[in-house]
Amino acid sequence: MRQAGRYLPEYRALRAQASGFVEFCLNPVLASEATLQPVRRFGMDAAILFADILLVPYALGQKVEFGEDGPILEPIMEGAGIATLSRSGFSGLDPVYETVRRCRAGLPVETALIGFAGAPWTVATYMVEGGASRDFRRVKAWAYRDPLGFAALIELIVDATVAYLSGQIRAGADAVQLFDSWAGILSEAGFERWVIEPTRCIAARLKQQFPTVPVIGFPRGAGLFYERYVAETGIDAVGIDTVVSGAFARERLQGRVAVQGNLDPVALLVGGAVMEQEVRAIRGVFGGGPFIFNLGHGVLPQTPPENVTALARLLAEPVDIP
Ligand code: CP3
């Protein structure tokens, strides 16, 4: 999950050095520093590349801006909109590969560097809605009305994502994660077609080139569909959101793949005994199998950094596995 960001004063100072957020992400000096900041302060076992899932639409030629209330894109229109996207502008993301090289060089050898991209469905929601959405009616209506036309958009994003993640791996990423933040808004048939299928395709194409590089999937909000996601996509590890039941994930997911999660970011914000109790419960459930401790979603901007220090200290203590 996001571990850099506005909750850190050193991040806010760094951010002030760039004009826009896209410029910030595409500046290897600033972006590599933003990646290393939380690792330096808290000593995490892994760094996540500082970038954004919306760099892919940007590289495809869509106008992308980050305002006070989140991202704003010029929406891709149902049908003809795909023709406005370019397949040739992908060198625009070369600075991200330079960021990866700098991060890898700046991290201790034992600290993993995780590269990432948005999963095609989630990226498509931003491209079609033009930003955040309450009901996702434009993107869902397109997928229902014209599945072949919408599939062309998804395929374009699949190709771009494979190229982008391959570039990150070649530059030194040790693992890659696919963020499907809006996987939880689809029916089962939609989930199969727009979440499972593109994820399976990306994982297979990456495995062909880089058989030993783990692929982590995060289908946020997928609920009971987590089980099919894990069984059918070919990913190596699954990020679970805060709402996923520990017993369910241990019994139905952890036997197949590593589980990553799932402390509530609000429990981290509250800190103290509340956080300690949640952490103890999570480690108790998952500590006996393949497990990566993480949050269920990104660190909230209002989180006191001292709470993250306390969390890191807590996790350095040995686990009691029942
Ligand atoms: O710790 C890190 O280095 C993580 C880097 C990272 C960012 N975005 C940087 C960022 C990662 C992994 C992302 C993923 C991302 N971006 C997702 C998937 C994960 C999730 O949170 O669901 C999504 C949906 C986006 C799109 C996006 N980017 C939104 C909706 C926003 C605005 C919301 C917000 O928190 O402001 C962003 C901006 C953004 N991307 C910020 C950061 C640190 C905040 C902007 C800032 O602090 O200047």
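Let's start with the ligand: in this predicted model, it sits in the largest pocket. Who are its neighbours? Altogether 21 residues surround the ligand, and the closest are Ala4, Arg6, Asp52, Ser181 and His297. If you sort the residues of this shell by type, you get 13 nonpolar, 4 polar and 4 charged ones.

Now zoom in on some atoms. Which part of Gln3 lies 2.7 Å from an oxygen atom of the ligand, backbone or side chain? For Gln3, the atom is a backbone N or O. Tyr11 does things with its side chain: a polar atom there lies 3.1 Å from an oxygen atom of the ligand. Asp52, which is also among the closest residues, has an N or O atom in its side chain that is 2.7 Å from a nitrogen atom of the ligand. And how much of the ligand does the protein bury? Taken alone, the ligand exposes 870 Å², and 87% of that is buried by the protein.

Time to step back and look at the whole chain. Its secondary structure comes to 14 helices and 9 strands. The radius of gyration is 19 Å, while the globule rule gives 20 Å for 322 residues; those values are close, so the chain is as compact as a globular protein of that length. If you'd like a box to picture, the C-alpha atoms fill one of roughly 55 × 45 × 40 Å, taken along the principal axes.

You'll find Asn262 in strand 8, which takes in residues 258-263. The other detail is at Phe136, in the loop between helix 6 (120-129) and helix 7 (137-145). Phe136 isn't a glycine, yet it has a positive phi of about 55 degrees.

Terms used
Residues are numbered from 1 along each chain as its sequence is written. This is a predicted model: local features need pLDDT of at least 70, side-chain atom pairs count only at pLDDT 80 or more; totals for chains, interfaces and linings use all residues. Side-chain values use heavy atoms; hydrogens and water are left out. A residue is near a molecule or strand if one of its heavy atoms lies within 4 Å of it. A polar contact is a pair of N or O atoms within 3.5 Å; within protein, one must be able to donate a hydrogen and the other to accept it, and residues adjacent in sequence count only if both atoms are side-chain atoms. Accessible areas come from the Shrake-Rupley method with a 1.4 Å probe; for residues, only the protein chains shown count as cover. On a 1 Å grid over the protein atoms alone, a cavity is a set of points where a 1.4 Å probe fits but cannot get out, and a pocket is an open set with protein on both sides within 12 Å along at least five of seven lines; lining residues have an atom within 4 Å of a point. A molecule sits in a cavity or pocket if more than half of its atoms lie within 2 Å of its grid points. Ala, Val, Leu, Ile, Met, Phe, Trp, Tyr, Cys and Pro count as nonpolar, Asp, Glu, Lys and Arg as charged, and the others, Gly among them, as polar. Helices (H or I, at least four residues) and strands (E, at least two) are DSSP runs, numbered from the N terminus. The radius of gyration is taken over C-alpha atoms; the globule rule is 2.2 Å times the number of residues to the power 0.38.
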